[in-house]
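Open your viewer, switch to a cartoon view and keep the selection panel at hand. We will go from stop to stop, selecting a few residues each time.

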Amino acid sequence: TDRKKDLAEAKRLTNLISNQDASKVSWLQDSALLPWLDQLELDSDSDSPAKLRSAISGLAPTTAMLPFGHTDLTALVRANQQDDLADAINLTRQLSGDRRIFYAPSKGIADRQTVSLLSQQGISTIVSNDFLRGNERETTAAVSTSASNPVLVHDLGASSCLTSADVDDSSFFAAITCIKSEIGMMTAESPQNSRTVLVLTPTKWKISNERLSALVSVLSDHNWMQLTTLDLVAAAAPADNYVASQSADPRDFSRGLLRQAQNLKTSTESVSALYDDQELAAGFTAARTLGYSDLWSSNARATEYLTENIALLNEYLNAVSIQASGRITTPEVNSEIPITIVNESDRSVSVSIDLTSAATSRFSAEPTGIIQVDRGQRVTVPVEISLVGAGVVDVQAQLIAPNGERFGEVENIQISSAAYSQFARTLVWGAFGLLVLLALSNFVKRRKEKRSLETSAR
């Protein structure tokens with residue numbers, strides 16, 4: 001199960017962190033790691049999460065952080081999703097405290113706009129020599145500038161050697177041979193000059209503690225090479241300035257993914273306002289940010305994940321509904337009709353009701369204020385309406401969250417006014433009375449004419 005896999009991953013990370021020399025291995029900690037660990041502790045009785053937490057707390061206080069869930073910041077910039085980019089950065093800052101934040105895009109490929117924007121935010125980008133020089137074997141200073149923006153540069157050729165080091169023994173041996181060869185060739189280029197080479201391990205690397213220890217041991221056993229820390233490397237001044245040869249990330253977000261992310265954001269805002277629960281909103285904001293992770297195997301899988309979270313939010317929204325009679329007759333032109341709000345959730349909600357109709361010349365309704373409904377309760381609210389003219393008007397009733405977003409099923413109501421029926425009745429009786437008066441008048445007139453004739457005949 002996923003929980004078993006998570007617990008196994010927690011054990012592996014604990015072994016890695018606890019048994020490595022901090023002067024030879026530097027960690028880049030995903031800022032989503034501790035929230036993941038919090039959830040794992042809630043869902044499991046195992047002591048693995050607690051042990052990992054203890055190991056993490058033992059890391060140097062200067063341990064650098066990565067964007068939340070490996071957010072693909074480059075793709076966000078390219079998609080012009082400024083609000084979501086700001087949310088990802090803010091979330092990362094909240095979880096990173098005073099620690100330095102590095103952005104390590106996939107294959108070290110960012111774009112100039114992203115590097116510049118992050119640099120202004122105090123976030124350092126780790127790019128590849130292939131990104132800067134167009135060649136993964138072009139020896140490049142580990143600290144350089146890209147179009148005047150300071151960057152760290154990892155050697156893609158040497159880093160790629162580690163891709164399969166966690167597969168089996170033969171792959172691990174090949175990885176060691178490869179990386180020693182790459183570093184050896186760099187040294188041979190200029191034996192008299194020292195240089196710093198940054199080797200970045202793969203994002204999804206599943207190396208065991210034993211193999212990592214063996215790798216570190218092999219790389220340490222040379223008088224012409226010395227392992228150092230990321231802190232010391234990052235503190236150095238840039239050695240060279242380059243204009244990146246590559247200007248684009250090979251991965252862009254699909255329209256479907258961006259659409260679902262926006263839908264999730266809107267639904268999150270509605271639920272947050274409806275339930276007045278900022279913690280709930282923060283959880284779904286984090287989920288939306290994870291949808292932008294570069295760890296997803298495809299845009300389709302990320303979109304599916306966002307859709308699953310939208311379904312969870314809809315459960316919160318669907319717990320609140322409205323009920324009303326399908327047919328209502330009002331006694332006057334200006335009247336009140338009863339609408340019932342049903343709250344089947346386990347929390348209090350704040351909501352308002354909106355009545356609309358296509359017959360805008362005949363129907364209008366006063367908007368209700370915010371109505372609070374306690375958990376598991378029903379509240380009937382009088383809604384002021386105005387209906388002009390005879391006949392039935394189709395009206396739609398819908399709930400509105402405090403943030404102004406409509407949600408839930410639309411309740412269809414047919415409304416008519418009795419005031420015009422009474423008026424029509426009055427008109428009929430009035431017309432009947434007038435006819436009677438006219439008949440009486442004609443009768444009296446004929447009687448007078450008859451008497452006048454009889455008098456003349458005498």
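**Before you start**

This is a predicted model, in which local features need pLDDT of at least 70 and side-chain atom pairs count only at pLDDT 80 or more, while totals for chains, interfaces and linings use all residues. Residues are numbered from 1 along each chain as its sequence is written, and side-chain values use heavy atoms, with hydrogens and water left out.

**Stop 1: the sheet**

Which order do the strands take in the open sheet? There are five of them, in the order 3-4-6-5-7, with mixed pairing. Strands, like helices, are DSSP runs numbered from the N terminus (helices: H or I, at least four residues; strands: E, at least two). Two strands count as paired if DSSP finds at least two bridges between them. Strands of a sheet pair through backbone hydrogen bonds, either parallel or antiparallel.

Now color strand 3 (102-103) and strand 7 (240-242). These two stand at the edges, each with a single partner strand, so one side of each is left without a neighbour in the sheet.

**Stop 2: strand 4 and its partners**

Select residues 124-128, which make up strand 4. Is this strand enclosed or open to the outside? Five of its five residues are buried, so strand 4 is largely enclosed by the rest of the structure. Buried here means under 20% relative accessible area, exposed means over 50%, and partly exposed is in between (1.4 Å probe, protein chains only).

On one flank, strand 3 runs parallel to strand 4, joined by two bridges; look for phenylalanine 102 opposite serine 124. Two of the partners to show are leucine 152 for isoleucine 126 and histidine 154 for serine 128.

**Stop 3: the helix on the sheet**

Show helix 6, residues 112-120. Helix 6 packs on the sheet and touches strand 3, strand 4 and strand 6, where contact means heavy atoms within 4.5 Å. Its direction makes about 115° with that of strand 6; axes are lines fitted to C-alpha atoms, for helices over the stretch in contact, and angles run from 0 to 180 degrees between N-to-C directions.

Follow the chain through strand 3, helix 6 and strand 4, and you trace a right-handed β-α-β unit. Right-handed means that, with the strands pointing away from the viewer, the path from the first strand over the helix to the second runs clockwise.

**Stop 4: the hairpin**

Select strand 5, residues 143-146. Both of its faces are covered, with Val143 and Thr145 buried on one side and Ser144 and Ser146 buried on the other. Strand 5 pairs with strand 6 in the antiparallel sense over four bridges, and serine 146 stands opposite asparagine 149. The two strands form a hairpin with two residues between them, and alanine 147 in the turn has a positive phi of about 55°.

On to strand 7: strand 5 pairs with it in the parallel sense over three bridges. Threonine 145 stands opposite asparagine 241 there.

**Stop 5: the disulfide**

The structure holds one disulfide, defined as a pair of cysteine sulfur atoms within 2.5 Å. Pick cysteine 161 and cysteine 178, whose sulfurs are 1.9 Å apart. The pair links distant parts of the chain, 17 residues apart: cysteine 161 is in the loop between helix 8 (156-160) and helix 9 (169-189), and cysteine 178 is in helix 9. The torsion about the S-S bond is about -55°, so the disulfide is left-handed. Cysteine 161 is buried at 8% relative accessibility, whereas cysteine 178 is partly exposed at 28%.

**Stop 6**

Finish in strand 10 (residues 334-343), at asparagine 343. Asparagine 343 is buried, with a relative accessible area of 1%. Its side chain reaches the backbone oxygen of arginine 347 at 2.8 Å.

Glycine 376 sits in the loop between strand 13 (371-373) and strand 14 (378-387). Glycine 376 is exposed, at 54% relative accessible area.

Definitions and conventions
Polar contact = N/O pair within 3.5 Å; in protein donor to acceptor, adjacent residues only side chain to side chain.
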